[in-house]
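Dear colleague,

Please find below the structure that I am handing over to you. My findings follow directly after it.

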There are 2 protein chains.
Amino acid sequence: MRYAVLGTGIVGRTIAAKLASLGHQVTIGTRDPKATLARTEPDGYGNQPFGEWLALHDQIRLEAIADAAAWGETVVNTTAGGGSLQALEAAGAANLADKVLIDIANPLDFSQGMPPSLNPVNTDSLGEQIQRAFPEARVVKTLNTMNCQIMVDPSRVAGEHTVFVSGDDTGAKQAVTDLLVSFGWPESSVLDLGDITTARGTEMLLPIWLRLWGSLGHADFNFHIAGA
Amino acid sequence: MRYAVLGTGIVGRTIAAKLASLGHQVTIGTRDPKATLARTEPDGYGNQPFGEWLALHDQIRLEAIADAAAWGETVVNTTAGGGSLQALEAAGAANLADKVLIDIANPLDFSQGMPPSLNPVNTDSLGEQIQRAFPEARVVKTLNTMNCQIMVDPSRVAGEHTVFVSGDDTGAKQAVTDLLVSFGWPESSVLDLGDITTARGTEMLLPIWLRLWGSLGHADFNFHIAGA
(Lines give C-alpha, C1' and ligand atoms only; values in the text may rest on other atoms or scores of the structure.)
Protein backbone atom coordinates (compact mmCIF):
# COMPACT_ATOMS: atom_id res chain seq x y z
CA MET A 1 0.00 0.00 0.00
CA ARG A 2 1.16 3.55 -0.76
CA TYR A 3 0.79 5.86 2.24
CA ALA A 4 1.05 9.64 2.12
CA VAL A 5 1.84 10.97 5.60
CA LEU A 6 1.15 14.70 5.83
CA GLY A 7 3.32 16.41 8.43
CA THR A 8 7.00 16.27 9.34
CA GLY A 9 6.72 16.38 13.14
CA ILE A 10 7.33 13.55 15.55
CA VAL A 11 3.89 11.98 14.96
CA GLY A 12 4.37 11.92 11.19
CA ARG A 13 7.90 10.55 11.49
CA THR A 14 6.81 7.82 13.90
CA ILE A 15 3.86 6.71 11.76
CA ALA A 16 5.92 6.88 8.55
CA ALA A 17 8.74 4.78 10.01
CA LYS A 18 6.27 2.18 11.28
CA LEU A 19 4.52 1.95 7.92
CA ALA A 20 7.85 1.57 6.12
CA SER A 21 8.97 -1.11 8.58
CA LEU A 22 5.82 -3.06 7.66
CA GLY A 23 6.79 -2.99 3.98
CA HIS A 24 4.52 -0.17 2.83
CA GLN A 25 5.68 2.56 0.46
CA VAL A 26 5.69 5.88 2.29
CA THR A 27 5.96 9.47 1.15
CA ILE A 28 5.87 12.32 3.64
CA GLY A 29 4.18 15.46 2.38
CA THR A 30 5.16 18.96 3.46
CA ARG A 31 4.45 22.48 2.21
CA ASP A 32 7.99 23.27 1.09
CA PRO A 33 10.31 20.26 0.97
CA LYS A 34 13.41 22.37 0.30
CA ALA A 35 12.76 24.52 3.36
CA THR A 36 12.07 21.43 5.46
CA LEU A 37 15.35 19.85 4.39
CA ALA A 38 17.29 23.10 4.87
CA ARG A 39 16.55 23.21 8.60
CA THR A 40 19.58 22.36 10.70
CA GLU A 41 18.18 23.08 14.18
CA PRO A 42 16.06 20.72 16.31
CA ASP A 43 12.34 21.55 16.20
CA GLY A 44 10.51 23.19 19.11
CA TYR A 45 10.13 19.83 20.82
CA GLY A 46 13.83 18.96 20.60
CA ASN A 47 13.50 16.47 17.72
CA GLN A 48 16.42 16.22 15.30
CA PRO A 49 16.24 18.25 12.05
CA PHE A 50 13.99 16.50 9.54
CA GLY A 51 16.78 16.04 7.00
CA GLU A 52 18.89 14.15 9.52
CA TRP A 53 15.94 11.90 10.35
CA LEU A 54 15.16 11.32 6.67
CA ALA A 55 18.76 10.30 5.95
CA LEU A 56 18.30 7.49 8.46
CA HIS A 57 15.12 6.31 6.66
CA ASP A 58 16.16 6.09 3.03
CA GLN A 59 13.11 4.09 2.02
CA ILE A 60 10.89 7.12 2.87
CA ARG A 61 10.56 10.00 0.42
CA LEU A 62 9.72 13.67 1.01
CA GLU A 63 7.51 15.49 -1.51
CA ALA A 64 5.35 18.57 -1.81
CA ILE A 65 2.08 17.96 -0.01
CA ALA A 66 -0.10 17.79 -3.17
CA ASP A 67 2.32 15.40 -4.87
CA ALA A 68 2.40 13.16 -1.82
CA ALA A 69 -1.40 13.15 -1.53
CA ALA A 70 -1.86 12.46 -5.26
CA TRP A 71 0.53 9.50 -5.05
CA GLY A 72 -0.83 7.95 -1.84
CA GLU A 73 -3.61 5.40 -1.81
CA THR A 74 -4.24 6.23 1.86
CA VAL A 75 -3.53 9.63 3.42
CA VAL A 76 -2.59 10.21 7.07
CA ASN A 77 -3.01 13.67 8.60
CA THR A 78 -0.39 14.28 11.29
CA THR A 79 -0.15 18.04 10.84
CA ALA A 80 -0.69 20.37 13.79
CA GLY A 81 -4.45 20.59 14.32
CA GLY A 82 -4.56 24.36 14.03
CA GLY A 83 -3.16 24.12 10.49
CA SER A 84 -4.73 20.85 9.34
CA LEU A 85 -7.53 22.30 7.21
CA GLN A 86 -5.06 24.56 5.41
CA ALA A 87 -2.63 21.68 4.90
CA LEU A 88 -5.38 19.48 3.47
CA GLU A 89 -6.46 22.31 1.15
CA ALA A 90 -2.89 22.38 -0.10
CA ALA A 91 -3.02 18.60 -0.52
CA GLY A 92 -6.04 19.14 -2.75
CA ALA A 93 -9.58 17.81 -2.53
CA ALA A 94 -9.19 15.80 -5.74
CA ASN A 95 -6.14 14.06 -4.27
CA LEU A 96 -8.15 13.03 -1.21
CA ALA A 97 -11.35 11.93 -2.96
CA ASP A 98 -12.41 8.32 -2.35
CA LYS A 99 -9.33 7.71 -0.21
CA VAL A 100 -9.18 6.69 3.42
CA LEU A 101 -8.01 9.82 5.27
CA ILE A 102 -6.70 8.91 8.72
CA ASP A 103 -6.88 11.97 10.97
CA ILE A 104 -4.56 11.85 14.00
CA ALA A 105 -4.47 15.59 14.66
CA ASN A 106 -5.86 17.43 17.67
CA PRO A 107 -7.06 21.03 17.43
CA LEU A 108 -4.89 22.35 20.27
CA ASP A 109 -5.29 26.09 20.76
CA PHE A 110 -2.35 27.78 22.44
CA SER A 111 -3.87 31.27 22.18
CA GLN A 112 -5.75 30.95 25.50
CA GLY A 113 -2.60 30.15 27.49
CA MET A 114 -1.21 26.91 28.91
CA PRO A 115 -2.26 24.19 29.11
CA PRO A 116 -3.69 24.49 25.58
CA SER A 117 -7.45 24.41 25.10
CA LEU A 118 -9.30 23.07 22.05
CA ASN A 119 -10.74 24.88 19.02
CA PRO A 120 -13.15 23.63 17.75
CA VAL A 121 -14.64 21.90 20.78
CA ASN A 122 -17.89 20.69 22.34
CA THR A 123 -20.36 21.14 19.44
CA ASP A 124 -17.85 20.47 16.65
CA SER A 125 -14.50 18.76 16.15
CA LEU A 126 -11.56 18.88 13.78
CA GLY A 127 -12.52 15.44 12.48
CA GLU A 128 -15.95 16.75 11.51
CA GLN A 129 -14.49 19.93 10.00
CA ILE A 130 -12.23 17.82 7.79
CA GLN A 131 -15.07 15.52 6.72
CA ARG A 132 -17.26 18.55 5.88
CA ALA A 133 -14.47 20.29 3.97
CA PHE A 134 -13.60 17.12 2.00
CA PRO A 135 -16.90 15.25 1.66
CA GLU A 136 -15.44 12.76 -0.82
CA ALA A 137 -12.66 11.69 1.55
CA ARG A 138 -13.35 8.74 3.84
CA VAL A 139 -12.26 10.31 7.13
CA VAL A 140 -11.42 8.11 10.11
CA LYS A 141 -10.35 9.77 13.34
CA THR A 142 -8.08 7.53 15.39
CA LEU A 143 -4.88 7.37 17.47
CA ASN A 144 -5.24 11.00 18.62
CA THR A 145 -5.64 10.05 22.29
CA MET A 146 -2.12 8.84 23.06
CA ASN A 147 1.59 9.53 22.70
CA CYS A 148 2.91 8.65 19.24
CA GLN A 149 5.28 5.96 20.53
CA ILE A 150 2.26 4.04 21.84
CA MET A 151 0.39 4.44 18.54
CA VAL A 152 2.88 2.17 16.81
CA ASP A 153 3.90 0.04 19.81
CA PRO A 154 0.95 -0.53 22.15
CA SER A 155 3.04 -2.99 24.19
CA ARG A 156 4.75 0.05 25.78
CA VAL A 157 1.71 0.21 28.10
CA ALA A 158 1.05 -2.85 30.24
CA GLY A 159 -2.41 -4.38 30.36
CA GLU A 160 -5.40 -3.71 28.18
CA HIS A 161 -5.89 -0.27 26.69
CA THR A 162 -8.03 1.24 24.00
CA VAL A 163 -7.71 2.88 20.59
CA PHE A 164 -10.87 4.62 19.37
CA VAL A 165 -12.08 4.95 15.78
CA SER A 166 -14.70 7.44 14.59
CA GLY A 167 -16.01 7.82 11.05
CA ASP A 168 -18.98 7.69 8.72
CA ASP A 169 -17.57 5.03 6.35
CA THR A 170 -17.72 1.47 7.66
CA GLY A 171 -15.28 0.13 5.08
CA ALA A 172 -12.77 2.84 5.90
CA LYS A 173 -13.03 2.05 9.61
CA GLN A 174 -12.43 -1.64 8.86
CA ALA A 175 -9.34 -0.77 6.79
CA VAL A 176 -8.03 1.38 9.64
CA THR A 177 -8.76 -1.37 12.14
CA ASP A 178 -6.73 -3.79 10.01
CA LEU A 179 -3.89 -1.28 9.94
CA LEU A 180 -4.05 -0.88 13.72
CA VAL A 181 -3.90 -4.65 14.14
CA SER A 182 -0.79 -4.65 11.94
CA PHE A 183 0.69 -2.02 14.30
CA GLY A 184 0.27 -4.50 17.18
CA TRP A 185 -3.17 -3.55 18.53
CA PRO A 186 -5.34 -6.50 19.56
CA GLU A 187 -8.56 -6.24 17.56
CA SER A 188 -10.44 -6.30 20.89
CA SER A 189 -8.70 -3.04 21.84
CA VAL A 190 -10.12 -1.16 18.83
CA LEU A 191 -13.34 0.55 19.91
CA ASP A 192 -15.64 1.89 17.19
CA LEU A 193 -17.45 4.85 18.73
CA GLY A 194 -19.69 5.52 15.75
CA ASP A 195 -19.88 8.31 13.20
CA ILE A 196 -17.44 11.18 12.79
CA THR A 197 -19.29 13.34 15.34
CA THR A 198 -17.86 11.03 18.01
CA ALA A 199 -14.48 12.64 17.24
CA ARG A 200 -15.68 15.39 19.62
CA GLY A 201 -15.39 12.87 22.41
CA THR A 202 -11.87 11.69 21.57
CA GLU A 203 -10.52 15.19 20.91
CA MET A 204 -11.99 16.24 24.27
CA LEU A 205 -9.78 13.63 25.95
CA LEU A 206 -6.80 15.88 25.29
CA PRO A 207 -7.28 18.17 28.30
CA ILE A 208 -7.20 15.29 30.78
CA TRP A 209 -4.41 13.62 28.78
CA LEU A 210 -2.30 16.76 29.20
CA ARG A 211 -3.00 16.93 32.94
CA LEU A 212 -2.25 13.22 33.37
CA TRP A 213 1.04 13.76 31.53
CA GLY A 214 1.81 16.45 34.09
CA SER A 215 0.73 14.57 37.18
CA LEU A 216 2.26 11.21 36.15
CA GLY A 217 5.45 12.75 34.80
CA HIS A 218 5.58 10.50 31.74
CA ALA A 219 3.58 9.84 28.56
CA ASP A 220 3.58 6.03 28.60
CA PHE A 221 -0.06 5.74 29.61
CA ASN A 222 -3.29 5.31 27.73
CA PHE A 223 -7.04 5.29 28.24
CA HIS A 224 -8.75 1.96 28.69
CA ILE A 225 -12.49 1.47 28.80
CA ALA A 226 -12.96 -1.14 31.53
CA GLY A 227 -16.16 -3.13 31.17
CA ALA A 228 -16.55 -2.35 27.46
CA MET B 1 -19.92 11.96 60.02
CA ARG B 2 -22.91 14.13 59.03
CA TYR B 3 -23.33 14.32 55.26
CA ALA B 4 -25.62 16.76 53.46
CA VAL B 5 -26.40 15.46 49.99
CA LEU B 6 -27.82 18.20 47.76
CA GLY B 7 -30.11 16.85 45.06
CA THR B 8 -32.93 14.29 44.97
CA GLY B 9 -32.11 12.58 41.65
CA ILE B 10 -30.70 9.13 41.17
CA VAL B 11 -27.11 10.23 41.92
CA GLY B 12 -28.10 11.86 45.19
CA ARG B 13 -30.22 8.89 46.24
CA THR B 14 -27.45 6.42 45.42
CA ILE B 15 -24.77 8.36 47.30
CA ALA B 16 -27.09 9.00 50.26
CA ALA B 17 -28.04 5.34 50.56
CA LYS B 18 -24.40 4.28 50.42
CA LEU B 19 -23.37 6.79 53.09
CA ALA B 20 -26.23 5.65 55.35
CA SER B 21 -25.29 2.00 54.83
CA LEU B 22 -21.79 2.86 56.09
CA GLY B 23 -23.27 4.26 59.31
CA HIS B 24 -23.08 7.96 58.47
CA GLN B 25 -25.89 10.38 59.26
CA VAL B 26 -27.40 11.67 56.02
CA THR B 27 -29.75 14.52 55.17
CA ILE B 28 -30.79 15.19 51.60
CA GLY B 29 -31.31 18.85 50.77
CA THR B 30 -33.80 20.11 48.23
CA ARG B 31 -35.32 23.48 47.37
CA ASP B 32 -38.85 22.68 48.47
CA PRO B 33 -39.18 19.47 50.51
CA LYS B 34 -42.99 19.59 50.51
CA ALA B 35 -43.12 19.78 46.71
CA THR B 36 -40.52 17.00 46.41
CA LEU B 37 -42.56 14.74 48.67
CA ALA B 38 -45.84 15.62 46.92
CA ARG B 39 -44.68 14.15 43.59
CA THR B 40 -46.37 10.87 42.77
CA GLU B 41 -45.04 10.31 39.23
CA PRO B 42 -41.66 8.79 38.29
CA ASP B 43 -39.06 11.42 37.36
CA GLY B 44 -37.95 12.03 33.77
CA TYR B 45 -35.53 9.10 33.97
CA GLY B 46 -38.16 6.63 35.22
CA ASN B 47 -36.99 6.62 38.84
CA GLN B 48 -39.67 6.13 41.51
CA PRO B 49 -41.15 9.23 43.17
CA PHE B 50 -38.79 10.58 45.83
CA GLY B 51 -41.26 10.07 48.67
CA GLU B 52 -41.57 6.37 47.88
CA TRP B 53 -37.79 6.05 47.82
CA LEU B 54 -37.43 7.96 51.09
CA ALA B 55 -39.99 5.71 52.83
CA LEU B 56 -37.67 2.78 52.07
CA HIS B 57 -34.68 4.65 53.65
CA ASP B 58 -36.04 5.80 56.99
CA GLN B 59 -32.60 6.62 58.39
CA ILE B 60 -32.27 9.40 55.75
CA ARG B 61 -33.95 12.77 56.27
CA LEU B 62 -35.12 15.37 53.76
CA GLU B 63 -34.71 19.06 54.58
CA ALA B 64 -34.65 22.44 52.91
CA ILE B 65 -31.30 22.87 51.17
CA ALA B 66 -29.94 25.54 53.53
CA ASP B 67 -30.93 23.54 56.61
CA ALA B 68 -29.29 20.41 55.22
CA ALA B 69 -26.10 22.30 54.33
CA ALA B 70 -25.96 24.00 57.75
CA TRP B 71 -26.31 20.64 59.49
CA GLY B 72 -23.83 18.69 57.36
CA GLU B 73 -20.14 18.46 58.18
CA THR B 74 -19.46 17.48 54.56
CA VAL B 75 -21.61 18.57 51.62
CA VAL B 76 -22.10 16.59 48.40
CA ASN B 77 -23.37 18.34 45.27
CA THR B 78 -25.40 15.97 43.11
CA THR B 79 -27.71 18.57 41.61
CA ALA B 80 -28.03 18.91 37.83
CA GLY B 81 -24.96 20.81 36.64
CA GLY B 82 -26.95 23.54 34.94
CA GLY B 83 -28.54 24.43 38.29
CA SER B 84 -25.69 23.70 40.67
CA LEU B 85 -24.51 27.27 41.26
CA GLN B 86 -28.06 28.36 42.02
CA ALA B 87 -28.60 25.38 44.34
CA LEU B 88 -25.37 26.14 46.20
CA GLU B 89 -26.39 29.81 46.53
CA ALA B 90 -29.59 28.55 48.14
CA ALA B 91 -27.52 26.32 50.42
CA GLY B 92 -25.68 29.45 51.51
CA ALA B 93 -22.00 30.35 51.42
CA ALA B 94 -21.78 30.44 55.22
CA ASN B 95 -23.12 26.89 55.39
CA LEU B 96 -20.39 25.71 53.00
CA ALA B 97 -17.46 27.60 54.52
CA ASP B 98 -14.53 25.45 55.68
CA LYS B 99 -16.39 22.27 54.71
CA VAL B 100 -15.36 19.66 52.20
CA LEU B 101 -17.70 20.16 49.21
CA ILE B 102 -17.72 17.09 47.00
CA ASP B 103 -18.86 18.08 43.50
CA ILE B 104 -20.19 15.20 41.40
CA ALA B 105 -22.18 17.31 38.94
CA ASN B 106 -21.53 17.75 35.23
CA PRO B 107 -22.52 20.93 33.38
CA LEU B 108 -24.54 19.20 30.68
CA ASP B 109 -26.16 21.66 28.28
CA PHE B 110 -29.23 20.34 26.48
CA SER B 111 -29.89 23.63 24.65
CA GLN B 112 -27.62 22.73 21.72
CA GLY B 113 -29.46 19.47 20.97
CA MET B 114 -28.61 15.85 21.64
CA PRO B 115 -26.24 14.49 22.70
CA PRO B 116 -25.82 17.26 25.29
CA SER B 117 -22.76 19.48 25.12
CA LEU B 118 -21.01 21.14 28.07
CA ASN B 119 -21.30 24.66 29.45
CA PRO B 120 -18.84 25.78 30.76
CA VAL B 121 -16.16 23.88 28.87
CA ASN B 122 -12.58 24.03 27.64
CA THR B 123 -11.26 27.13 29.43
CA ASP B 124 -13.44 26.75 32.53
CA SER B 125 -15.38 24.07 34.39
CA LEU B 126 -18.26 23.78 36.82
CA GLY B 127 -15.81 22.67 39.51
CA GLU B 128 -13.85 25.89 39.09
CA GLN B 129 -17.02 28.00 38.98
CA ILE B 130 -18.12 26.50 42.29
CA GLN B 131 -14.72 27.04 43.90
CA ARG B 132 -14.66 30.67 42.70
CA ALA B 133 -18.23 31.31 43.88
CA PHE B 134 -17.56 29.73 47.30
CA PRO B 135 -13.90 30.43 48.00
CA GLU B 136 -14.17 29.26 51.62
CA ALA B 137 -15.50 25.82 50.61
CA ARG B 138 -12.96 23.06 50.10
CA VAL B 139 -14.16 21.83 46.71
CA VAL B 140 -13.17 18.38 45.46
CA LYS B 141 -14.41 17.26 42.05
CA THR B 142 -14.75 13.50 41.85
CA LEU B 143 -16.96 10.59 40.72
CA ASN B 144 -18.42 12.62 37.83
CA THR B 145 -16.97 10.33 35.15
CA MET B 146 -19.10 7.22 35.70
CA ASN B 147 -22.59 5.87 36.26
CA CYS B 148 -23.79 6.34 39.84
CA GLN B 149 -24.08 2.60 40.53
CA ILE B 150 -20.34 2.28 39.91
CA MET B 151 -19.56 5.24 42.18
CA VAL B 152 -20.68 3.27 45.21
CA ASP B 153 -19.86 -0.24 43.94
CA PRO B 154 -16.73 -0.23 41.78
CA SER B 155 -16.80 -4.04 41.67
CA ARG B 156 -19.59 -3.75 39.05
CA VAL B 157 -16.80 -3.18 36.51
CA ALA B 158 -14.24 -5.97 36.16
CA GLY B 159 -10.53 -5.19 36.26
CA GLU B 160 -8.78 -2.01 37.26
CA HIS B 161 -10.48 1.32 36.67
CA THR B 162 -9.97 4.86 37.83
CA VAL B 163 -11.68 7.52 39.90
CA PHE B 164 -10.22 11.01 39.53
CA VAL B 165 -9.98 13.72 42.18
CA SER B 166 -9.35 17.41 41.49
CA GLY B 167 -9.06 20.16 44.05
CA ASP B 168 -6.95 22.88 45.59
CA ASP B 169 -7.06 21.57 49.18
CA THR B 170 -4.80 18.60 49.87
CA GLY B 171 -6.52 17.71 53.14
CA ALA B 172 -9.92 17.75 51.48
CA LYS B 173 -8.66 15.46 48.72
CA GLN B 174 -7.30 13.06 51.35
CA ALA B 175 -10.66 13.03 53.15
CA VAL B 176 -12.43 12.30 49.86
CA THR B 177 -9.91 9.57 49.03
CA ASP B 178 -10.64 7.95 52.40
CA LEU B 179 -14.36 8.13 51.66
CA LEU B 180 -13.82 6.54 48.23
CA VAL B 181 -11.84 3.73 49.83
CA SER B 182 -14.78 3.18 52.21
CA PHE B 183 -17.01 2.92 49.11
CA GLY B 184 -14.84 0.03 47.88
CA TRP B 185 -12.31 1.84 45.69
CA PRO B 186 -8.77 0.51 45.98
CA GLU B 187 -6.56 3.44 46.99
CA SER B 188 -4.44 2.70 43.91
CA SER B 189 -7.48 3.46 41.73
CA VAL B 190 -7.80 7.02 43.07
CA LEU B 191 -5.88 9.34 40.75
CA ASP B 192 -5.16 12.87 41.98
CA LEU B 193 -5.00 15.05 38.85
CA GLY B 194 -4.01 18.22 40.66
CA ASP B 195 -5.78 21.49 41.35
CA ILE B 196 -9.41 22.31 40.63
CA THR B 197 -8.62 23.44 37.07
CA THR B 198 -8.12 19.77 36.24
CA ALA B 199 -11.89 19.40 36.61
CA ARG B 200 -12.01 20.68 33.00
CA GLY B 201 -10.43 17.41 31.99
CA THR B 202 -12.83 15.15 33.88
CA GLU B 203 -15.94 17.10 32.88
CA MET B 204 -14.75 16.88 29.26
CA LEU B 205 -14.88 13.08 29.54
CA LEU B 206 -18.67 13.30 29.45
CA PRO B 207 -19.02 13.57 25.66
CA ILE B 208 -17.11 10.33 25.05
CA TRP B 209 -18.86 8.73 28.04
CA LEU B 210 -22.23 9.47 26.44
CA ARG B 211 -21.12 8.06 23.08
CA LEU B 212 -19.67 4.95 24.74
CA TRP B 213 -22.98 4.47 26.56
CA GLY B 214 -24.67 4.55 23.16
CA SER B 215 -22.23 2.29 21.34
CA LEU B 216 -21.85 -0.24 24.18
CA GLY B 217 -25.55 -0.25 25.07
CA HIS B 218 -24.92 -0.26 28.82
CA ALA B 219 -23.44 2.00 31.50
CA ASP B 220 -21.38 -0.56 33.42
CA PHE B 221 -18.05 0.69 32.10
CA ASN B 222 -15.46 3.10 33.38
CA PHE B 223 -12.28 4.86 32.35
CA HIS B 224 -9.00 3.32 33.37
CA ILE B 225 -5.61 4.95 32.92
CA ALA B 226 -3.37 2.08 31.88
CA GLY B 227 0.29 2.65 32.66
CA ALA B 228 -0.42 5.27 35.34
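How many residues of chain B are in contact with chain A? In this predicted model, 36 residues of chain B are in contact with 36 residues of chain A. Five elements of chain B each supply at least two residues of the side that touches chain A: β7 (117–118), β10 (190–194), α10 (199–203), α11 (206–216) and β11 (222–226). The largest share of that side, 7 residues, comes from α11(B). By class, the side of chain B that touches chain A holds 16 nonpolar, 15 polar and 5 charged residues.

The two chains are also joined by strand pairing. Strand β11 (residues 222–226) of chain A pairs with β11(B) in the antiparallel sense, over 5 bridges. Within this pairing, A:His224 has B:His224 in β11(B) as its bridge partner.

As regards confidence, the model scores ipTM 0.96 and pTM 0.97. Chain A averages a pLDDT of 97, and 100% of its residues score at least 70.

I turn next to the sheet of chain B. Eight strands form an open sheet with mixed pairing, in the order β3-β2-β1-β4-β5-β8-β9-β10. β3 (60–64) and β10 of chain B stand at the edges and have a single partner strand each, so one side of each is left without a neighbour in the sheet. Neighbouring strands of this sheet are turned by 25 degrees against each other on average, direction ignored. Within the sheet, β8 (residues 138–142) and β9 (residues 163–167) of chain B pair in the antiparallel sense over 3 bridges, and B:Lys141 stands opposite B:Ser166 in β9(B).

Helix α1 (residues 10–21) of chain B lies across β1 (2–6), β2 (25–30), β3 and β4 (74–77), and runs at about 160 degrees to β2(B).

Finally, there is a helix pair in chain B. The axes of α5 (residues 84–91) and α7 (residues 126–133) of chain B come within 10 Å and cross at roughly 25 degrees. Angles under 35 degrees count as roughly parallel, and α5(B) and α7(B) are therefore roughly parallel to each other. Their crossing is right-handed. B:Ser84, B:Leu85 and B:Leu88 in α5(B) meet B:Leu126, B:Gln129, B:Ile130 and B:Ala133 in α7(B). The residues of this contact divide into 5 nonpolar, 2 polar and no charged.

With kind regards

Technical notes
Residues are numbered from 1 along each chain as its sequence is written. Chains are lettered from A and ligands numbered from 1 in the order in which they are written. This is a predicted model: local features need pLDDT of at least 70, side-chain atom pairs count only at pLDDT 80 or more; totals for chains, interfaces and linings use all residues. pLDDT is the predictor's confidence in each residue, from 0 to 100. Two residues are in contact if their C-beta atoms, placed from the backbone, lie within 7 Å. Helices (H or I, at least four residues) and strands (E, at least two) are DSSP runs, numbered from the N terminus. Ala, Val, Leu, Ile, Met, Phe, Trp, Tyr, Cys and Pro count as nonpolar, Asp, Glu, Lys and Arg as charged, and the others, Gly among them, as polar. Two strands pair if DSSP finds at least two bridges between them. Axes are lines fitted to C-alpha atoms, for helices over the stretch in contact, and angles run from 0 to 180 degrees between N-to-C directions. Angles under 35 degrees count as roughly parallel, over 145 as roughly antiparallel, 65 to 115 as roughly perpendicular and the rest as oblique. A crossing is left-handed if the near helix is turned anticlockwise from the far one by less than a right angle, and right-handed if clockwise.
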